[in-house]
Amino acid sequence: MNSLPIIDISPLYNADEAGHLAVAEAIDRACREWGFFYIKGHPISAERIATLTDHAKRFFALPADEKLKIDITKSRHHRGYGAVATEQLDPSQPCDLKETFDMGFHMPADHPEVLAGKPLRGPNRHPLQIEGWTELMEGHYRDMQDLACTLLRAIALALGIERDFFDKRFVEPISVFRMIHYPPRQTATSADQQGAGAHTDYGCVTLLYQDQAGGLQVQNVKGEWIDAPPIEGTYVVNIGDMMARWSNDRYKSTPHRVISPLGVDRYSMPFFAEPHPDTEIACLPGCYDETTPPKYPSTTCSRYMLSRFAETYAYRRQGEAEPV
Ligand SMILES: N=C(N)NCCCC[C@H](N)C(=O)O
Ligand SMILES: O=C(O)CCC(=O)C(=O)O
Ligand SMILES: [Fe+2]
């Protein structure tokens with residue numbers, strides 16, 4: 001078994017319970033065996049993807065000083081533009097050869113949680129130079145959160161917990177929508193300067209749109225890297241570490257990486273689904289018993305996320321005060 005499953009999730013959008021169950025079972029199997037799968041039959045249109053891609057290309061083509069007006073390393077709330085080498089997903093490798101735009105759940109500056117200085121809470125920082133950007137991205141963020149919650153309801157069904165377990169926890173979430181530009185790799189031998197170093201994701205589930213350039217690789221059970229090639233009209237979905245903790249490793253959080261293609265630009269757009277920051281992440285009922293006790297101590301979403309950020313962002317590692 002060396003290729004990732006493709007699951008048609010359209011039955012989740014109609015009322016037939018048998019259809020929901022069949023999809024939940026397919027997702028359950030994929031999460032146990034791979035922690036990775038493709039979905040088709042989702043509601044994000046090809047036009048939406050085309051518009052987003054056009055906006056991403058326009059943004060990343062701006063001069064550096066324009067992009068750096070929303071520099072993420074100068075954002076108190078972890079929003080905005082990350083230049084090449086801002087992030088280092090694999091600490092044993094050079095910094096990632098990619099630039100990024102990150103947005104989250106928008107909270108106005110006068111919101112009580114923002115005034116209280118709660119980590120990761122605050123307003124989005126959009127590139128105002130690009131007309132229509134803010135409306136497009138804020139609408140897409142809501143649509144991606146809805147899609148994530150639809151998948152999470154199927155996961156809840158598979159895990160035998162209340163169907164709305166995750167919906168309740170994803171109110172005012174810290175989910176992130178990110179756009180990524182991977183500049184082309186110049187020579188065949190520069191494969192070790194990775195677009196994204198090997199890592200596991202931090203959150204619950206990640207929903208990834210990738211363009212046709214290729215380069216995403218996933219580790220199989222034998223530890224070999226296999227390609228997760230682009231498949232038109234699909235999203236790649238993967239389990240993150242918080243879901244692995246919640247499910248006591250019933251669901252795998254699988255290492256993956258991006259080897260930038262030679263001589264071509266690559267664009268991708270992951271949505272990292274992460275719950276409300278105060279959510280407790282502790283082994284779910286039904287995921288442990290006497291023979292398999294909980295493997296991870298309980299933590300909270302925000303505590304866990306901040307510890308992971310500190311490992312992969314050089315500027316957060318240096319013990320600098322939170323920037324403005
Ligand atoms: N969730 C947030 N905020 N992510 C921003 C960094 C993305 C890196 C990482 N692979 C990840 O799993 O998150
Ligand atoms: O760009 C991709 O295809 C994957 C990116 C990724 O794994 C991440 O940002 O966590
Ligand atoms: Fe990832």
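This is a predicted model: local features need pLDDT of at least 70, side-chain atom pairs count only at pLDDT 80 or more; totals for chains, interfaces and linings use all residues.
Good morning. The largest cavity holds about 370 Å³ of space. A cavity here is a set of points, on a 1 Å grid over the protein atoms alone, where a 1.4 Å probe fits but cannot get out. Grid points are joined across faces, edges and corners, and a volume is the space filled by probe spheres set on the points.

Residues are numbered from 1 along each chain as its sequence is written, chains are lettered from A and ligands numbered from 1 in the order in which they are written, and side-chain values use heavy atoms, with hydrogens and water left out.

Let us return to the largest cavity. Its lining has 30 residues, and those nearest its centre are Arg 178, His 199, Asp 201, Pro 270 and Phe 272. A lining residue has an atom within 4 Å of a point. By class, this lining has 15 nonpolar, 7 polar and 8 charged residues. In this scheme Ala, Val, Leu, Ile, Met, Phe, Trp, Tyr, Cys and Pro are nonpolar, Asp, Glu, Lys and Arg are charged, and the others, Gly among them, are polar. At least two lining residues come from each of strand 5, strand 6 (196–199), strand 7, strand 11, strand 12 and helix 8. Helices (H or I, at least four residues) and strands (E, at least two) are DSSP runs, numbered from the N terminus.

What takes up the largest cavity? Ligand 1 sits there, and the space taken by ligand 2 is likewise the largest cavity. To sit in a cavity, a molecule must have more than half of its atoms within 2 Å of the grid points.

I begin with ligand 1. Its shell, meaning residues with a heavy atom within 4 Å of the ligand, includes Glu 87, Asp 102, Arg 178, Met 305 and Tyr 313. By class, the shell has 6 nonpolar, 1 polar and 5 charged residues. Several polar contacts, that is, pairs of N or O atoms within 3.5 Å, can be listed. A side-chain N or O atom of Glu 274 is 2.4 Å from a nitrogen atom of ligand 1. For Asp 201, a side-chain N or O atom is 3.0 Å from a nitrogen atom of ligand 1. Tyr 202 instead uses a backbone N or O atom, which lies 2.9 Å from an oxygen atom of the ligand. Alone, ligand 1 exposes 340 Å², and the protein buries 98% of that. These areas come from the Shrake-Rupley method with a 1.4 Å probe.

Next comes ligand 2. Among the residues around it are Ile 180, Leu 208, Leu 216, His 256, Arg 266 and Ser 268. The shell divides into 6 nonpolar, 3 polar and 2 charged residues.

Which distance separates Tyr 182 from ligand 2? A polar side-chain atom of Tyr 182 lies 2.6 Å from an oxygen atom of the ligand. For His 199, a side-chain N or O atom is 3.0 Å from an oxygen atom of ligand 2, and for Asp 201 a polar side-chain atom lies 3.1 Å from one. Of the 290 Å² of accessible area that ligand 2 has on its own, the protein covers 96%.

There are 3 cavities of 30 Å³ or more. The second largest cavity contains about 90 Å³ of space. It is lined by 13 residues, and the closest to its centre are His 77, Arg 79, Leu 120, Ile 174 and Val 176. That lining has 6 nonpolar, 4 polar and 3 charged residues.

Finally, I turn to the largest pocket, a pocket being an open set of points with protein on both sides within 12 Å along at least five of seven lines. The largest pocket has a volume of about 190 Å³. Its 17 lining residues include Ile 49, Tyr 209, Glu 232, Gly 233 and Thr 234, which lie nearest its centre. Strand 7 gives the largest share of this lining, 3 residues. Thank you for your attention.

Conventions
A polar contact is a pair of N or O atoms within 3.5 Å; within protein, one must be able to donate a hydrogen and the other to accept it, and residues adjacent in sequence count only if both atoms are side-chain atoms.
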